[in-house]
Amino acid sequence: MAFTVEFKKSGKTVEWEDRYDSILELAEDNGVEIDNDCRQGVCGTCAVKLISGQVDMEEDTGLDYVEDPEQMILTCTAVPKSDLVIDA
Ligand code: FES
């Protein structure tokens, strides 16, 4: 099932492909810059607001360092479970 991911700030909508390990990788491949550091879901640097949709995050302890964690996703571990709109 091909989900779409809309990077709202960047004005880009792209199709998710299973060859990507994370939304961060998808973003990088499409010229969308998201700050990152650990790339393992533990530092919180790559967090962006999830405007709509659902994701799976294998590791999300990095959300402990983020403001309003219930609205945020860690793009380095998140993969889409539906079409998404994110604030990046
Ligand atoms: S880069 Fe550290 S949590 Fe994503």
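Guide: The largest nonpolar core has 21 residues, and those with the most contacts inside it are Ile-23, Ala-27, Ala-47, Ile-73 and Ile-86. This is a predicted model, in which local features need pLDDT of at least 70 and side-chain atom pairs count only at pLDDT 80 or more, while totals for chains, interfaces and linings use all residues. Residues are numbered from 1 along each chain as its sequence is written.

Visitor: What makes a set of residues a nonpolar core?

Guide: A nonpolar core is a set of buried Ala, Val, Leu, Ile, Met, Phe, Trp, Tyr and Cys residues joined through C-beta atoms within 7 Å. A residue is buried if 20 or more other C-beta atoms lie within 10 Å of its own, exposed if 12 or fewer, and partly exposed in between, with C-beta atoms placed from the backbone.

Visitor: With which residues is Ala-27 in contact, leaving aside its neighbours within four places in sequence?

Guide: With Phe-7, Val-32, Ile-34, Thr-75 and Ala-88. Two residues are in contact if their C-beta atoms, placed from the backbone, lie within 7 Å.

Visitor: What is the order of the strands in the open sheet?

Guide: The five strands follow the order β2-β1-β7-β3-β5, with mixed pairing. At the edges stand β2 (12–15) and β5 (72–74); each has a single partner strand, so one side of each is left without a neighbour in the sheet. On average, neighbouring strands of this sheet are turned by 35 degrees against each other, direction ignored. Axes for such angles are lines fitted to C-alpha atoms, for helices over the stretch in contact, and angles run from 0 to 180 degrees between N-to-C directions.

Visitor: How do you know that two strands pair?

Guide: Two strands pair if DSSP finds at least two bridges between them. Four bridges join β1 to β2, and these strands run antiparallel; Glu-6 stands opposite Thr-13 there. Between β1 and β7 there are three bridges, in the parallel sense, and Val-5 has Leu-84 as its bridge partner. Three bridges also join β3 (residues 47–52) to β5, antiparallel, where Ala-47 is partnered with Leu-74.

Visitor: Which face of β1 is covered and which is uncovered?

Guide: Val-5 and Phe-7 make up the covered face, Thr-4 and Glu-6 the uncovered one. In a regular strand the side chains alternate between the two faces of the sheet.

Visitor: Why is Asp-68 called exposed?

Guide: Asp-68 has 9 other C-beta atoms within 10 Å, so the word exposed applies. Asp-68 lies in the loop between β4 (55–57) and β5, and its phi is near 50 degrees, a positive value in a residue other than glycine.

Visitor: Why is Arg-39 called partly exposed?

Guide: Arg-39 has 17 other C-beta atoms within 10 Å, so it is partly exposed. Its place is in the loop between α1 and β3.

Visitor: What makes Phe-3 partly exposed?

Guide: The count for Phe-3 is 16 other C-beta atoms within 10 Å, so Phe-3 is partly exposed. Phe-3 lies in the segment before β1. Not counting residues up to four places away in sequence, Phe-3 touches Trp-16, Pro-80, Ser-82, Asp-83 and Leu-84.

Definitions and conventions:
Helices (H or I, at least four residues) and strands (E, at least two) are DSSP runs, numbered from the N terminus.
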